[in-house]
Protein chains: 2
Amino acid sequence: MDSSPGMLFDLDGTLIDSVYMHVLSWHRALAREGEILSVWRIHRRIGMSGGLLLNALAREIGREFSSEEIERIQTNHEAEYAKMIDEVRPLPGANELLARLHSVGAPFAIATSGRAAKAMSGIRKLNVPQGVPIITRDDVKRAKPDPDLFLAAAERLHLAPENCLVVGDSVWDILASRRARALGIGLLSGGYGREELDQAGAFRVYNDPADLLDHLDEVGIRDK
Amino acid sequence: MDSSPGMLFDLDGTLIDSVYMHVLSWHRALAREGEILSVWRIHRRIGMSGGLLLNALAREIGREFSSEEIERIQTNHEAEYAKMIDEVRPLPGANELLARLHSVGAPFAIATSGRAAKAMSGIRKLNVPQGVPIITRDDVKRAKPDPDLFLAAAERLHLAPENCLVVGDSVWDILASRRARALGIGLLSGGYGREELDQAGAFRVYNDPADLLDHLDEVGIRDK
């Protein structure tokens, strides 16, 4: 195979430093419903779709949320997160990594479990070159850890998923990458431990986009 | 040996759910100085003394903080944290665990890297029985990962550190426990991964205080 592999990037915790703001936003939205969940348990569910996250947390609390409650918690989460959006910055090396891939002609896309509006508020933090496909929750039936987001992203790049590398910070990204038959690259920048990503099946683990940029040769991206 | 081992508890992330609020408070205090640090890197330093944390972060940024800057960042961190203190709750099972130890006559103390004023704002979230020793940063020369806090706590219980179990959520607690010659018990409730605590040398790892309470027999605490 002569061509460069495609890279399919998660957004939150992978390109922008937003995971901890999301965690606290969910904590606040749940507290408004009178549900106090340990913050670390929310952290470990970030990266799933909001609906799956709430199902998983409901199981831990030991009760179900009605569809009305789920809708309200999601809306309140988005409102709380919007208050913190000014604190969200690109992760170190994120823009430089995208610029390098663009300049060497390596195809890439962004695939996030967030809905389009929230995703766009994150994308605007970055310098994403024109024409890069952006797949959101609204484009697929099932979000991570299902493979749909990454499968759709590969299709938009006209690549087989087997010729793609998924880059993400959560075990849900890595599990979804394996279900998509792509190799998964873990980044520590979402706050998971290295071993958690390793054990989920990551092919390689780096600190953050800057560290991945320094080691692109390890994952098969070459200068033109 | 007939008597119960002593238990030396860390506070933040171990008994109260405050780690993520501390993380964002440090992030905000550093941003006020124009220093944008990745949030996960701050998370992995929580539990050290504030001074060591800032030294470690300065090394990652690649510059030193003056003692004036350190003072200002610490003050701003405390101010930011104070704004979130109402969101800080006891971790699940924390009060029940302390009540059980009290009722079976197992000696215990709380030892935190925070300064006295901040520590007390956390202690007030809990029902700590009268007479339980509380050791803070102000009582010792060096905070975690040095063993001083736990050594002082054991002394206050009139126990050899070798007869004590340190309970903490961070690798700094576990490293300090080993330097104090005590066994370290890790809790996931501060957001570290299980393997990080294992690899730091934890004797056992539980989810949170409620999970430890369910397994007290594994660590040598018996009903009277």
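Start by selecting the contact between the two chains: 30 residues from chain A and 30 residues from chain B take part, where contact means heavy atoms within 4.5 Å. This is a predicted model, in which local features need pLDDT of at least 70 and side-chain atom pairs count only at pLDDT 80 or more, while totals for chains, interfaces and linings use all residues. Residues are numbered from 1 along each chain as its sequence is written, chains are lettered from A and ligands numbered from 1 in the order in which they are written, and side-chain values use heavy atoms, with hydrogens and water left out.

Show the surface next. About 2500 Å² is buried between chain A and chain B, with carbon and sulfur atoms giving 55% of that area; buried area is the accessible area (1.4 Å probe) that two parts lose on being put together, summed over both. Now pick Y20(A), W40(A) and E195(A): these residues of chain A lose the most area to chain B, together 27% of what that side buries.

To see a salt bridge, select R41(A) and D208(B), whose side chains meet at 3.6 Å, N to O. Colour α1, α2 and α9 (194–200) of chain A: each supplies at least two residues of the side that touches chain B. The most comes from α1(A), with six residues. Helices here are DSSP runs (H or I, at least four residues), numbered from the N terminus.

Zoom out to compare the copies. A rotation of 180° with 0.0 Å of shift along its axis superposes chain A on chain B, RMSD 0.0 Å, which is the relation of a two-fold axis. To find the axis from chain A, centre on G193(A), the residue of that chain that comes closest, at 2.6 Å (C-alpha). The copies meet through the same surface, because 100% of the interface residues of chain A are also interface residues in chain B.

Last stop: E35(A), in the loop between α1 (19–32) and α2 (39–43) of chain A. E35(A) is buried, with a relative accessible area of 14%; buried means under 20% (1.4 Å probe, protein chains only). Display its surroundings: leaving aside neighbours within four places in sequence, E35(A) is in contact with L30(A), I61(A), R63(A) and F65(A).

Methods: Least-squares fit on C-alpha atoms with pLDDT ≥ 70 in both. Buried < 20%, exposed > 50% of the residue type's maximum accessible area, 1.4 Å probe, protein only. Salt bridge = Lys/Arg side-chain N within 4 Å of Asp/Glu carboxyl O.
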